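Subject: Structure handover

Hello,

Here is the structure for you to look through. My notes on it follow below.

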Amino acid sequence: MGEGFDFEGGATPVTPSNIRARAEQFVSLIRQRAPFYRTNNILLPWGCDFHFVNATKQFENMDQIVKYIQDHAAEYNVNLKYSLLSEYYEAAMGSGVVFPERDSNDFMPYADGPDAWWTGYYTSRVNLKGLIREAEHISRAADTLYATTPTANRNVSQPVAFDMLNISRYALGISQHHDAVSGTSKDFVAQDYRNWLELGSANAHTLSETLLNSLASKGGNAPSFSNFTTQALNLQPGKTLVVVVYNSLGWTRSEFVRVPLNRNDVTVTDSNGGKVAFEVHNAQGTSEGKYDLFIGTTIKALGFQTYFVTAGAVNSKPVDTPLINEVGDYVLENSYLRVTVSSTTGTISSIQNKKSGISNTLNHNVLAYHSYTGSGQRSGAYIFRTTGPAQPLSSRAPTNTPQGQIVQSLYQVFPGDTAQSYYKQNIRLYNAGGDENFENFIDISHEIGVIPEDHEVISRFSSNIQTGGVIYTDNNGFATQKRTYDSTLPIPANYYPNVYWSYIEDSNARLSIASERSHGVSSQAPGSVEFMLHRRTSSDDSRGVDEPLDDTDITHPVLRLVYETPANSDLLRYKQVYSVNFPLSLYYATANSPSDWTSRYQTSYSPLSGDLPPNVHLLSLKTRDSKSNTLILRLTHLFAADEKPANLAAPAVVDLKALFSGYTIGNLVETTLTINQVVNSNPGLTITLGPKQIRTFLLTLSK
């Protein structure tokens with residue numbers, strides 16, 4: 001509101017002897033701001049971060065000033081009142097003044113002083129950002145499982161189940177605080193957020209296990225599933241590891257899942273005894289076991305499928321494949337994509353989409369910005385300020401370890417600019433005999449840390465895609481925002497938040513990159529895109545944390561690359577965004593044999609008769625409270641009106657009766673997004689969604 005009126009912060013209290021002077025000071029403040037407004041309605045925001053802890057002190061003083069000015073309104077020619085923001089808008093809009101309409105661009109990035117660009121928090125405490133996203137997918141799995149499990153099969157009382165769900169929801173709720181997910185809290189507070197998220201996830205996992213046990217029961221027999229990998233790591237000869245894979249999305253998914261093992265003599269079959277694409281790799285980097293087993297799975301919408309891993313088989317040892325072409329480059333290739341890793345640089349050098357007939361250079365570099373620690377504004381939890389352009393971690397090439405045929409993997413260890421390597425990554429391309437659902441993306445999973453102080457580590461992809469200095473990022477994980485490089489501003493001012501995706505493109509090709517946690521992203525040169533993956537500073541940036549961002553975590557972010565023509569990219573991007581953020585959930589048990597298990601338990605389940613349309617996402621399906629059977633259903637149209645193909649950017653229709661054909665739908669009403677008001681008490685069972693529309697419903701499902 002202005003200096004002199006922060007009564008919690010030590011401003012001179014209002015007394016009978018100074019009331020007139022204080023009132024005139026306030027009126028002067030109003031007149032200073034009046035020229036910046038189009039009408040005679042002036043809004044003075046009151047308060048800031050950390051204010052109104054002692055609200056009584058604030059109001060006791062301001063009440064006197066407001067009353068005095070009102071009592072002397074004619075003298076000051078001011079009418080003063082406490083106001084809601086909505087009241088100000090009503091007064092301003094009702095004044096007859098025509099206000100200009102702003103475009104759809106946001107205000108990113110913010111700055112509050114010279115070299116004070118608030119672009120560091122896009123990446124700060126990247127492990128906490130990842131834990132929040134992981135907890136969200138664990139909570140979603142429990143929510144959708146509970147919502148679609150018939151009441152008679154739940155085997156858990158609704159109050160108990162709701163309490164378990166609510167702990168998870170509460171943890172996710174508080175983690176959305178502007179100093180939580182942003183990574184701008186003190187270290188001990190960040191740890192408290194972690195504790196809550198882990199508690200919430202543990203409760204959600206326990207409920208999911210209980211529900212899966214009930215859904216898999218047959219003839220009074222119920223299994224005992226666990227999300228812990230202990231049974232996988234302790235698999236004994238002649239025994240079978242049961243892997244139940246659950247899909248919380250509204251579409252059927254075909255993906256590889258990874259199971260850690262301490263043995264490699266295994267074979268994998270599906271619930272019908274059929275062959276399954278699988279491959280055993282030597283574990284690389286941080287892994288729970290000696291080996292990683294990759295299984296190709298296909299899981300129906302909101303359903304689960306069972307796979308059997310039997311120990312004691314032959315010819316299942318890790319597949320070591322050189323993946324080297326005639327000139328010594330590493331090549332990862334399937335029927336859809338071809339990725340070349342240069343023998344000279346040791347990093348990705350080109351990419352080709354064999355189906356679309358496009359190719360581009362794609363030079364991958366790992367670098368670090370050095371945090372500014374001198375006089376003036378320093379780099380910290382909120383603010384990113386660098387001493388100059390990013391520098392390579394080392395002049396030496398990374399070491400590369402290839403393996404696999406079905407899952408082609410190249411494990412890279414990058415030399416660091418300190419004695420210890422702190423950046424490792426695994427590039428994976430999946431080869432499933434031409435099935436594009438498995439093959440149309442590239443995964444790069446990382447292990448980064450402990451990074452040195454005052455390092456802000458980035459992964460940069462430089463291409464010959466003619467971008468004209470433009471990069472596109474998501475806006476809150478919902479819409480796409482165009483960002484144009486501004487050469488008049490410093491490096492941090494050209495950084496933007498990446499919640500779910502970013503991409504660069506020209507008329508021929510688009511490179512889209514999906515992330516499973518928030519990062520800062522930028523295009524510092526035409527054809528380039530860089531993600532800030534980790535940061536650690538030795539200084540505080542003087543924005544309230546009062547401690548350096550001394551983040552010594554080892555973090556494991558994943559980037560998923562989609563390379564296609566612009567016309568064929570949007571659907572692929574959306575599908576991979578949701579797949580990487582809501583991965584398939586794995587639960588384990590042990591059996592004597594696959595046949596023994598299938599004779600005693602159910603091995604598959606799906607509550608839906610089919611999939612949602614490809615352009616409609618199941619945003620949420622969850623129970624509303626601890627007493628009723630009312631569910632909250634939110635559906636969102638993924639596409640904007642100008643996205644491609646045009647038929648998917650058109651209105652989408654969902655037939656709820658057909659989708660939930662095994663259920664009776666009751667008490668269906670449409671509400672606002674926050675379910676606090678009814679919009680339509682009889683919306684009908686055929687739902688139409690326009691581009692980017694979200695619709696929310698309350699309903700019951702019964703069998």
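Buried residues make up 55% of the 703 residues in the protein chain. Buried means under 20% relative accessible area, exposed means over 50%, and partly exposed is in between, with a 1.4 Å probe and protein chains only. Before the rest, please note that this is a predicted model, in which local features need pLDDT of at least 70 and side-chain atom pairs count only at pLDDT 80 or more, while totals for chains, interfaces and linings use all residues. Residues are numbered from 1 along each chain as its sequence is written, and side-chain values use heavy atoms, with hydrogens and water left out.

Overall form

The protein chain has 13 helices and 33 strands. Helices (H or I, at least four residues) and strands (E, at least two) are DSSP runs, numbered from the N terminus. Along the principal axes, the C-alpha atoms fill a box of roughly 95 × 65 × 50 Å. The radius of gyration of the protein chain is 28 Å, which agrees with the value near 27 Å that a compact globule of 703 residues would have. That radius is taken over C-alpha atoms, and the globule rule is 2.2 Å times the number of residues to the power 0.38.

Of the contacts in the protein chain with a separation of 6 or more, 70% are between residues 24 or more positions apart. Contact means heavy atoms within 4.5 Å.

Surface and charge

The protein chain exposes about 29600 Å², and carbon and sulfur atoms supply 51% of this area. Accessible areas come from the Shrake-Rupley method with a 1.4 Å probe; for residues, only the protein chains shown count as cover. There are 55 positive and 66 negative side chains, and the centres of the two sets lie 5 Å apart. Lys and Arg count as positive and Asp and Glu as negative, while His and the chain ends are not counted. The place of a charge is NZ of Lys, CZ of Arg, CG of Asp or CD of Glu.

Cores

In soluble globular proteins, nonpolar side chains tend to be buried together. A nonpolar core is here a set of buried Ala, Val, Leu, Ile, Met, Phe, Trp, Tyr and Cys residues joined through side-chain atoms within 4.5 Å. The largest one has 69 residues, and F225, V654 and F660 have the most contacts inside it. Helix α5 (residues 126-148) gives the most to this core, with six residues. Another core, of 47 residues, lies apart from it and has Y430, I465, Y496 and L561 among its members. Leaving out residues up to four places away in sequence, F660 touches L608, L621, I665 and L701.

I69 belongs to helix α2 (residues 55-71). Its relative accessible area is 0%, so I69 is buried. Not counting residues up to four places away in sequence, I69 touches A23, F26, V27, Y76, V78 and L80. I69 and R20 are 49 residues apart in sequence, and their C-alpha atoms are 8.8 Å apart in space.

Backbone exceptions

Most residues other than glycine have a negative phi, and most peptide bonds are trans. The bond from G449 to V450 is cis, with omega near -5°; V450 is in the loop between β15 (442-448) and β16 (455-463). The bond from K644 to P645 is also cis, with omega near -5°, and P645 is in the loop between β28 (631-637) and α12 (646-649).

D546 has a positive phi, near 60°, and is in the loop between β23 (528-536) and β24 (558-564). D546 counts as exposed because its relative accessibility is 56%. K692 has a positive phi, near 65°, and is in the loop between β32 (686-689) and β33 (694-702). K692 counts as buried because its relative accessibility is 18%.

S542 lies in the loop between β23 and β24, and counts as exposed at 58% relative accessibility. S542 and Y485 are 57 residues apart in sequence and 28 Å apart in space, C-alpha to C-alpha.

G238 is in the loop between α8 (230-233) and β1 (240-246). With a relative accessible area of 48%, G238 is partly exposed. G238 touches A311 and N592, not counting residues up to four places away in sequence. The C-alpha atoms of G238 and A567 are separated by 51 Å, and these residues are 329 apart along the chain.

Regards
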